[in-house]
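Welcome, and please take a moment with the sequence and the model below. A short tour follows, one region at a time.

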Amino acid sequence: MTKIPLTLAGAAALRAELHRLKTVERPAVIAAIAEARSHGDLSENAEYDAAKDRQGFIEGRILEVENKLANAQIIDPALLDADGRCVFGATVTLEDMDSGQNVSYQIVGDDEADIKIGKISVNSPVARALIGKYAGDIAEVQAPNGIREYELIEVAYV
């Protein structure tokens, strides 16, 4: 299986989710199944069916998170030495060439991406256009409404 790139923060978040699933969610759903079983006939027991469905979801998510962590390539952006080049984990400041507006993004793995907090996936069109570029370079991004141009103002490894 291919390596899944994660920042230190992303790996920590997955570990925390796995811990919560195993120590909180799994025991809670087991208790819910036991409670539903105590009500008698399982063939007409909606609580039992819902608890079993929830258990299936939790067990599937546990397997998924364990696989991601097992195949993770954890990268600490603070330890990167890319000579000012935009790479995975870098935090970039961009200027939209049309509007003149500045934005900052950190390039992270798919599981960590959240545009609301300034984290974009390494597989996003913007990140793909930025990878390998230096401060002062112009990146062209194919957007739904046409090509957008961004000037790379700063690359930081924090």
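## The loop between β2 and β3

Asp 83 sits in the loop between β2 (72-75) and β3 (91-96). Strands here are DSSP runs of E with at least two residues, helices are runs of H or I with at least four, and both are numbered from the N terminus. This is a predicted model, in which local features need pLDDT of at least 70, side-chain atom pairs count only at pLDDT 80 or more, and totals for chains, interfaces and linings use all residues. Residues are numbered from 1 along each chain as its sequence is written, and side-chain values use heavy atoms, with hydrogens and water left out.

Is Asp 83 buried or exposed? Asp 83 is exposed, because its relative accessible area is 63%; exposed means over 50%, buried under 20%, and partly exposed in between, with a 1.4 Å probe and protein chains only. The phi of Asp 83 is near 55°, a positive value in a residue other than glycine. Most residues other than glycine have a negative phi.

Ala 82 is also found in the loop between β2 and β3. With a relative accessibility of 9%, Ala 82 counts as buried. From Ala 82 to Ile 147 there are 65 residues in sequence and 27 Å in space, C-alpha to C-alpha.

## Two helices side by side

Now look at helix α1 (residues 8-37) and helix α2 (residues 46-70), which pack at an angle of about 160° with their axes 9 Å apart. That angle makes α1 roughly antiparallel to α2, a label for angles over 145 degrees. The axes are lines fitted to C-alpha atoms over the stretch in contact, and angles run from 0 to 180 degrees between N-to-C directions. Where α1 and α2 contact each other, the residues divide into 15 nonpolar, 1 polar and 13 charged. Nonpolar covers Ala, Val, Leu, Ile, Met, Phe, Trp, Tyr, Cys and Pro, charged covers Asp, Glu, Lys and Arg, and the others, Gly among them, are polar.

Leu 8 belongs to helix α1 and is partly exposed at 43% relative accessibility. Leu 8 and Gln 73 are 65 residues apart in sequence, yet 9.7 Å apart in space, C-alpha to C-alpha. In helix α2 you will find Ala 50, partly exposed with a relative accessible area of 45%.

## The largest pocket

Which residues line the largest pocket? Among them are Asp 96, Gln 101, Tyr 105, Ile 115, Ser 124, Arg 148 and Tyr 150. A pocket is an open set of points on a 1 Å grid over the protein atoms alone, where a 1.4 Å probe fits, with protein on both sides within 12 Å along at least five of seven lines; lining residues have an atom within 4 Å of a point. β4 (102-108), α3 (125-130) and β7 (146-156) each supply at least two residues of this lining. The lining residues divide into 7 nonpolar, 2 polar and 2 charged.

Ala 113 lies in the loop between β4 and β5 (119-121). Ala 113 is partly exposed, at 34% relative accessible area. Ala 113 and Ser 124 are 11 residues apart in sequence and 9.5 Å apart in space, C-alpha to C-alpha.

How values were computed
Angles under 35 degrees count as roughly parallel, over 145 as roughly antiparallel, 65 to 115 as roughly perpendicular and the rest as oblique.
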